[in-house]
Amino acid sequence: MEEAGLEWLLVPMQQLVSWGAAGAMVFGGVVPYIPQYRDIRRTQNAEGFSSYVCLVLLVANILRILFWFGRRFESPLLWQSIIMIITMLLMLKLCTEVRVSNELNVKRRSFADFDLNYFWHWSKFTDYVQCVLTFTGVTGYITYLWLDSSLFVETLGFLAVFTEAMLGIPQLYRNHRNRSTEGMSVKMVLMWTSGDTFKTVYFILNQAPFQFSICGLLQVFVDVAILLQVHLYSQYPQRAAPHAAHPGSAKAL
């Protein structure tokens with residue numbers, strides 16, 4: 001009798017925990033970008049945030065969605081990718097508007113120019129949307145043709161998670177080049193670290209495809225490296241390394 005009563009209590013508790021974990025997976029990934037978004041909007045300066053972070057996450061999550069068609073995984077992970085794509089587009093929109101408003105007498109660049117020197121440094125948000133749609137269309141068509149190949153599907157999954165694992169690399173490189181973390185939201189990186197740690201444990205416990213666990217471990221490693229940069233450059237300030245000015249120097253979206 002007592003065991004039945006305990007089971008009656010535990011079952012809904014387990015369900016609530018499961019729902020909470022799923023919700024954290026869906027929305028937890030976008031939370032770190034809220035303080036960065038607010039900082040950029042408040043200061044009207046996007047210099048400390050690398051737009052390549054958005055590029056990495058857009059590519060990774062588009063590939064992850066395509067991977068889902070070949071190998072179905074948990075729905076929360078699919079919804080996480082959809083929410084992240086929307087969030088990155090919002091970040092790009094704000095950063096592009098801020099950068100263009102701060103640029104004076106700079107030639108406008110567009111996706112249609114097909115100039116690799118200015119790739120991902122365009123002057124309008126619509127150019128980024130065109131690029132994302134083009135990438136989605138091309139990769140989607142290739143996936144449709146090769147969907148029956150297990151080797152292709154597994155490779156697609158690996159590319160998706162490996163790309164996501166490289167998320168912090170643009171920010172890591174930017175901090176190293178500037179010899180400073182000024183303009184970067186430390187809160188964002190702390191949330192990256194806690195979120196990636198939770199995500200990795202979630203992957204392992206729920207026996208997600210092995211690619212996801214590898215991705216999580218790599219992301220945690222890069223997050224820790226960025227936090228070490230924060231400590232290093234705050235305790236031992238260094239002179240920024242000289243580098244040639246880029247015509248779109250406000251490109252650090």
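Reader: Which residues touch the most other members of the largest nonpolar core?

Author: This is a predicted model, where local features need pLDDT of at least 70 and side-chain atom pairs count only at pLDDT 80 or more, while totals for chains, interfaces and linings use all residues. Residues are numbered from 1 along each chain as its sequence is written, and side-chain values use heavy atoms, with hydrogens and water left out. The residues you want are Y33, I40, F49, M88, W120, W192 and F212, in a core of 54 residues. Such a core is a set of buried Ala, Val, Leu, Ile, Met, Phe, Trp, Tyr and Cys residues joined through side-chain atoms within 4.5 Å; buried means under 20% relative accessible area, exposed over 50%, partly exposed in between (1.4 Å probe, protein chains only).

Reader: Nice. And which helix gives the largest share of this core?

Author: Helix 3 does, with twelve residues. Helices here are DSSP runs of H or I, at least four residues, numbered from the N terminus.

Reader: What is W192 in contact with, beyond its neighbours within four places in sequence?

Author: P32, Y33, V53, L167, G168, Q171, D223 and I226. Contact means heavy atoms within 4.5 Å.

Reader: Back to helix 3: is N61 buried or exposed?

Author: N61, found in helix 3 (residues 51-70), is buried, with a relative accessible area of 2%.

Reader: What lies 2.7 Å from a polar atom of its side chain, that of N61?

Author: The backbone oxygen of L57. Not counting residues up to four places away in sequence, N61 also touches S81, M84 and I85.

Reader: Got it. Is C54 buried or exposed?

Author: C54 is buried at 1% relative accessible area, and C131 counts as buried too, at 12%.

Reader: Now the rings: how many aromatic pairs does a search of the whole structure find?

Author: Twelve, counting rings of Phe, Tyr and Trp (its six-membered ring) whose centres lie within 6.5 Å. One aromatic cluster is formed by F111, F114, F119, W120, W122 and Y128.

Reader: And which ring does the charged end of R72 sit over?

Author: That of W68, 3.9 Å from its centre. The criterion is NZ of Lys or CZ of Arg within 6 Å of the ring centre and within 35 degrees of the ring normal. The charged end of R109 sits over the ring of Y118, 3.9 Å from the ring's centre.

Terms used:
Helix = DSSP H or I, 4+ residues; strand = E, 2+ residues; numbered from the N terminus. Polar contact = N/O pair within 3.5 Å; in protein donor to acceptor, adjacent residues only side chain to side chain. Phe/Tyr/Trp six-rings, centres within 6.5 Å; stacked < 30°, edge-to-face > 60°.
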